[in-house]
Amino acid sequence: MRFRRRKLRPILTAGSARPGEFAAPVRRRRGIYLLPNLFTTAALFAGFFATVQAMNHLFDWAAVAIFAAMVLDGMDGRVARLTHTQSAFGEHYDSLSDMASFGVAPAIVMYEWALRDLGRWGWAAAFVYCAGAALRLARFNANIGSVDRRFFQGLPSPAAAALVAGFVWLAVDNRFQIRDVWLHWVAFGVTVYAGLTMVSSAPFYSGKSFHIGVSVPFWVMVAIVVAIFFVSSDPPKVLFGLFCCYAVSGYIYWGWRRWRGESNPARPVPHADPDTSAPN
């Protein structure tokens, strides 16, 4: 006699279901927050517009577009925090937009305007600026949460772009009393300085401690009105002067702290290893 081996069947209880009766898990649709990403997209468009205008030799429009990108870039983060719409997608998208608007666009604008006539020195200076912006953004993303929020480590890329764009804007409007022979080399120095300062360790005040929703004294509103008046009176001169002061403020503050024997507040604080710091 032959005995057939019978397959063991799972025992079904009252609350169990058959294998074919298991419902597929419900997949939630992933989306992105529209409002802050609209500002980021607008900043990206302003950087792209600046590049196109530089290729068309409309350098004043290119400089204004970079300043517009800087304003829009400062708004997207604050809008995201006010509306509680922060996301990882928004952070990565903002970094890519900053690279295009404040890394590639200012380098192309400066190269097309003045650095082209310097030959290899010109494109080398433009590349130093572009690479500095990329390295600065990568280091900023890697050190999130390990640095003092009150300070930036190195010159932020929007300020560096404003320094370059402000110089172009002033020179195009014939506001500089510089000979044409030296103008290209001055542009070379401004570009290299901005690129190297972005990857420096100098502490630059970030302004992140200022909250829009916090009440302020009345004189603060008066100071804002006066600042708007001065900027509107002569935007190229005032903006370039302000960002020149900001571009050297980090080195001055860094030197002052070293003279007092204090550490650099923009240095990232290393995290303790839980495996080695735990008691035996």
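**Helix packing around α5**

Modeller: Helix α3 (residues 88-113) and helix α5 (residues 157-172) have axes that come within 9 Å and cross at roughly 30°. An angle under 35 degrees counts as roughly parallel, and α3 and α5 are therefore roughly parallel to each other. The crossing in which α3 passes α5 is left-handed. On the α3 side, the contact is made by Asp98, Phe102, Pro106, Val109, Met110 and Trp113. From α5 come Ser157, Pro158, Ala161, Val164, Phe167, Val168, Ala171 and Val172. Sorted by class, the residues joining α3 to α5 comprise 12 nonpolar, one polar and one charged.

Helix α5 also packs against α6, at an angle of about 170° and with the axes 9 Å apart. Because angles over 145 degrees count as roughly antiparallel, α5 is described as roughly antiparallel to α6. Here α5 contributes Ser157, Ala160, Leu163, Val164, Phe167 and Ala171, while α6 contributes Leu183, Val186, Ala187, Val190, Tyr193, Ala194 and Met198. This contact of α5 with α6 holds 12 nonpolar residues, one polar residue and no charged ones.

The loop between α6 (180-198) and β2 (203-205) contains Ser200. With a relative accessibility of 12%, Ser200 counts as buried, because the cut-off for that class is under 20%. Leaving aside residues up to four places away in sequence, Ser200 touches Arg139, Gln153, Gly154 and Tyr251.

Read from the N terminus, the order of its elements is α-α-α-α-β-α-α-β-α-α-α. Of the 280 residues in the chain, 37% are buried. Among contacts with a separation of 6 or more, 82% are between residues 24 or more positions apart.

The mean pLDDT is 82, with 78% of residues reaching 70 or more. Confidence is highest in helix α4 (residues 120-142), at a mean of 93, and lowest in helix α9 (residues 274-277), at 48. Over residues 276-280 the pLDDT is below 50, and this stretch has one contact in the model beyond near neighbours in sequence. Where pLDDT is low, the predicted coordinates should not be read in detail.

Note on methods. Residues numbered from 1 in each chain as written. Predicted model: local features only at pLDDT ≥ 70, side-chain atom pairs only at ≥ 80, totals over all residues. Heavy atoms only, no water. pLDDT = per-residue confidence, 0-100. Helix = DSSP H or I, 4+ residues; strand = E, 2+ residues; numbered from the N terminus. Contact = heavy atoms within 4.5 Å. Buried < 20%, exposed > 50% of the residue type's maximum accessible area, 1.4 Å probe, protein only. Axes fitted to C-alpha atoms, helices over the stretch in contact; angles between N-to-C directions. Parallel < 35°, antiparallel > 145°, perpendicular 65-115°, else oblique. Left-handed = near helix turned anticlockwise from the far one by under 90°. Nonpolar A, V, L, I, M, F, W, Y, C, P; charged D, E, K, R; others polar.
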